[in-house]
Amino acid sequence: MILPVQFDQNEWFLIVMIILSYTVVFLMPKRIPWSQFILVMLLSVMIARLSDHLLASPSVDLYDINDTGKYDLFDFVTYLLYAPFSYLFIYFYDRFNIRGIGIVLYIVVCSFLGMLFEMTNALFEVFHYKGWSAVYSFSVYLVSQSITLLLFSYIRTAYHTLLRNQNKKWQGSNL
Amino acid sequence: MKSQYVFILSILLIMSFFVTKKKCNVLENIFLFCVLEFVFTSYFAILYINHNFWEITKSIEWFIAFRIYEVIIVPLLYMFYYNLIPKLQTKLSKVVYTLLFVGILYGNEYILVKWGVIVYSNWNAWQSILFLSIILTSVYFLLLGFRHILKIEGVSQR
């Protein structure tokens with residue numbers, strides 16, 4: 001993988017944010033099982049990677065990430081930064097038991113915060129916009145956060161169904 | 001016209017994936033999908049963006065077909081592999097199936113090379129086969145790790 005051209009503000013910003021966000025996540029009380037935790041984190045990393053691959057790679061090339069238009073080491077680090085934010089998004093959704101129209105408001109507020117955080121990233125030169133703008137990201141966040149919530153609900157239901165089936169099997173074998 | 005084969009293949013693969021009986025549970029399949037998407041978009045980016053080992057055609061129609069190949073066809077084929085391998089009983093059948101699977105994977109790439117969608121530069125078929133096999137093995141070990149967590153939580157028996 002390609003190394004950064006210059007180790008400057010964008011790399012330091014990413015390192016500091018990674019340390020801060022993961023510290024917050026691991027210090028918070030655990031609300032969901034490890035398997036769901038891994039899936040929620042992976043999901044956000046996958047969505048970010050996929051959208052960057054489709055929107056920022058050559059022939060579309062709407063923005064660059066970090067120092068080059070190529071896939072460098074700190075692009076990989078950037079993806080790691082999405083995971084704790086995705087967990088926090090799910091954590092507060094679950095913690096405050098958000099339901100009904102509250103879900104729409106929650107997604108709108110989080111998308112707005114996401115957009116502000118992306119603008120901060122752009123300020124530290126993590127993103128270099130060409131034909132893109134942080135405002136466009138707002139609609140992307142609306143879609144990606146809705147997908148994340150939908151899939152989290154699906155994952156949680158599937159998890160409990162599998163758990164119930166295993167318990168039934170276990171009880172059946174003990175009879 | 002030929003690009004239609006890629007679109008049709010991807011639709012057929014998606015349909016087949018949802019209707020076939022799977023050996024991995026739904027959580028394992030979501031895990032596999034996320035990991036494979038991340039790994040393959042990174043792998044292809046390194047090949048044709050970072051090092052120019054591959055040159056992808058400039059034709060819009062074929063470029064979309066290539067995108068479908070890297071984002072849908074390849075990850076789905078891998079998911080078929082991981083869902084089918086536990087059904088095989090003997091070690092020999094597993095080895096034969098794995099070899100056949102790597103052959104199918106490379107076969108897809110070979111067709112795209114023959115059609116001029118992918119042009120190799122300082123790259124050979126054996127390198128593709130090697131990397132496809134390395135990814136196959138590495139993702140399998142990641143799946144085993146995730147399965148272990150599910151087992152500890154009492155969600156999976158294996």
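A salt bridge is a side-chain nitrogen of Lys or Arg within 4 Å of a carboxyl oxygen of Asp or Glu. The model is predicted: local features need pLDDT of at least 70, side-chain atom pairs count only at pLDDT 80 or more, and totals for chains, interfaces and linings use all residues. Residues are numbered from 1 along each chain as its sequence is written, and side-chain values use heavy atoms, without hydrogens and water.

**Exercise 1.** Determine how many salt bridges the rule gives over all chains, and examine the pair Arg31(A) and Asp94(A).

*Solution.* 
1. Over all chains, the count is six salt bridges.
2. In the pair formed by Arg31(A) and Asp94(A), the closest N and O atoms are 3.0 Å apart.
3. Arg31(A) lies in the loop between α1 (9-27) and α2 (34-56) of chain A, and Asp94(A) in helix α3 (residues 73-95), 63 residues apart.
4. Arg31(A) is partly exposed, at 39%.

**Exercise 2.** Locate the salt bridge of Arg147(B) and state whether its residues are buried or exposed.

*Solution.* 
1. The partner of Arg147(B) is Glu28(B), with the closest N and O atoms 3.1 Å apart.
2. Helix α5 of chain B holds Arg147(B) and helix α2 holds Glu28(B), 119 residues apart.
3. Both Arg147(B) and Glu28(B) are buried.

Definitions and conventions: Chains are lettered from A and ligands numbered from 1 in the order in which they are written. Helices (H or I, at least four residues) and strands (E, at least two) are DSSP runs, numbered from the N terminus. Buried means under 20% relative accessible area, exposed over 50%, partly exposed in between (1.4 Å probe, protein chains only).
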